[in-house]
Amino acid sequence: MMKPSAPPTNDGAAATLPPARAILDISDGLDRIMGDRVLYCKLLRRFQHDHHSTPYQIRQALEAGQYAAARLRAHTLKGAAGMIGAAAMYDLATGLEAALRAQASAPDLPLEQAELALRQLLHAIADALPASLETHAPLPTAVSDPDDPATLILLARLAGLLRDGDGAAIDVLESSAATLAASLGVGVYQEVAAAAHEFDFDSAWHALTRRR
């Protein structure tokens with residue numbers, strides 16, 4: 001069984017982080033959702049909520065010998081980081097996922113690097129969020145009328161595109177980001193969109209239809 005890594009230290013790990021990539025590229029994140037700043041703030045808050053303890057959860061899974069669960073955590077972190085424009089975190093989570101898939105005997109370094117990068121990213125998110133959104137109010141779930149005909153048509157079209165592996169699904173996710181997030185809930189929208197941007201249309205379709 002893989003030995004869980006020790007708590008991260010600052011010596012050496014920071015130097016191995018990708019120096020040329022922004023910790024949080026707000027412009028890139030906004031581009032993914034057609035410049036919708038309100039939705040972007042919700043995605044940032046969702047990231048804070050869902051991933052602040054991801055490295056700990058990965059360690060817990062490794063202690064139990066649950067490589068698949070640990071890999072899923074890394075995969076989810078990767079997708080969420082890509083959605084908000086956190087390139088360095090995305091790259092490190094990608095490497096961590098690969099190490100976990102291979103059941104590497106010494107994944108301590110990628111996990112420690114990912115944990116350090118996550119700390120930096122969470123600080124950057126806290127700095128980027130407007131004070132009015134830095135509350136502990138419940139994160140939004142589905143808020144629009146699920147039986148609205150236009151929304152049902154949109155969801156059906158998106159599901160069809162994802163089922164067919166059609167790249168036009170990404171355009172729908174971006175152009176109708178606010179409507180989809182309101183209908184599905186921010187967390188589900190992020191899961192679907194993150195998978196689609198990875199061209200993992202099958203996972204995106206399952207995330208969408210599981211919610212519905």
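Mentor: With burial: a residue is buried under 20% relative accessible area, exposed over 50% and partly exposed in between, using a 1.4 Å probe and protein chains only. Helices are DSSP runs (H or I, at least four residues), numbered from the N terminus. This is a predicted model, in which local features need pLDDT of at least 70, side-chain atom pairs count only at pLDDT 80 or more, and totals for chains, interfaces and linings use all residues. Residues are numbered from 1 along each chain as its sequence is written, and side-chain values use heavy atoms, without hydrogens and water.

Trainee: Which residues are buried in α4?

Mentor: Tyr 67, Ala 70, Ala 74, Leu 77, Lys 78, Gly 79, Ala 80, Ala 81, Gly 82, Met 83 and Ile 84 are buried there. After α4 comes Gly 85, with a positive phi near 85°.

Trainee: How do the axes of α4 and α5 cross?

Mentor: Two packed helices are described by the angle between their axes and the distance between the axes. Here α4 (residues 67-84) and α5 (residues 87-101) have axes that come within 8 Å and cross at roughly 160°. The helices are therefore roughly antiparallel, a term for angles over 145 degrees.

Trainee: What kinds of residue form the contact of α4 with α5?

Mentor: Contact means heavy atoms within 4.5 Å. Among the residues that meet are Ala 70, Ala 74 and Leu 77 in α4 and Ala 93, Leu 96 and Leu 100 in α5. The contact residues comprise 10 nonpolar, 3 polar and 4 charged; Ala, Val, Leu, Ile, Met, Phe, Trp, Tyr, Cys and Pro count as nonpolar, Asp, Glu, Lys and Arg as charged, and the others, Gly among them, as polar.

Terms used. Axes fitted to C-alpha atoms, helices over the stretch in contact; angles between N-to-C directions. Helix = DSSP H or I, 4+ residues; strand = E, 2+ residues; numbered from the N terminus. Parallel < 35°, antiparallel > 145°, perpendicular 65-115°, else oblique.
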